Amino acid sequence: MHGPFNRAGRRKPMAEINVVPFIDVMLVLLVIFMITAPMLTQGVQLDLPQVSSEPIESQEEREPLIVSVDREGTYYLMLGDDEMTVGLEELGERVIILLERQPDTQVLVRGDRFVPYGEIVALMSTLQTAGVANVGLISEPPPGD
């Protein structure tokens with residue numbers, strides 16, 4: 001019998017799902033997310049205090065590196081008694097050199113209250129690029145405390 005209902009010459013229906021197109025789509029999505037993920041995580045990470053700030057006691061004998069910014073946007077590096085005026089790019093290079101010699105040096109930022117916020121963010125971004133994991137902020141207590 002050779003009619004349309006003859007199953008002898010036809011193949012059996014396949015009950016498997018072809019997953020190759022799904023794998024292709026997943027790989028394309030993976031590549032897209034790998035490219036866009038670094039763009040979404042820009043910024044300087046800060047550990048903000050959750051309690052009123054108290055003076056911290058230095059547990060190290062080593063002097064901290066203090067980076068200062070004045071009202072005019074001039075950057076200063078101070079380590080011990082040595083203080084020098086530097087540009088932002090030179091500051092990053094000097095911090096890299098210092099951290100290679102002494103990797104556990106504490107870095108503190110001291111900025112004038114009238115310095116624009118963008119200057120401080122640029123400074124902290126430069127420090128982060130130079131390999132500084134944690135940055136401390138120096139402030140003065142209000143009068144009367």
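1. Patches, as the word is used here, are made of residues with over 30% relative accessible area and no salt bridge, where like charges are joined within 9 Å and nonpolar side chains (Val, Leu, Ile, Met, Phe, Trp, Tyr) within 5 Å. Accessible areas come from the Shrake-Rupley method with a 1.4 Å probe, and for residues only the protein chains shown count as cover. This is a predicted model, in which local features need pLDDT of at least 70 and side-chain atom pairs count only at pLDDT 80 or more, while totals for chains, interfaces and linings use all residues. Residues are numbered from 1 along each chain as its sequence is written, and side-chain values use heavy atoms, with hydrogens and water left out.

2. Ile17, Val19, Phe22, Ile23, Leu27, Leu30 and Met34 make a nonpolar surface patch of about 740 Å². Of these, Ile23 is found in helix H1 (residues 20-40), helices being DSSP runs of H or I with at least four residues and strands runs of E with at least two, numbered from the N terminus. Ile23 counts as partly exposed because its relative accessibility is 46%, the term lying between buried (under 20% relative accessible area) and exposed (over 50%).

3. Strand S1 (residues 65-69) is largely enclosed by the rest of the structure, because 5 of its 5 residues are buried. Both faces of S1 are covered, with Leu65, Val67 and Val69 on one side and Ile66 and Ser68 on the other.

4. S1 pairs with strand S2 (residues 75-79) in the antiparallel sense over 5 bridges and with strand S4 (residues 107-111) in the parallel sense over 5 bridges, where pairing requires that DSSP finds at least two bridges between two strands. The bridge partner of Ser68 is Tyr76 in S2 and Arg110 in S4.

Technical notes
Salt bridge = Lys/Arg side-chain N within 4 Å of Asp/Glu carboxyl O. Buried < 20%, exposed > 50% of the residue type's maximum accessible area, 1.4 Å probe, protein only.
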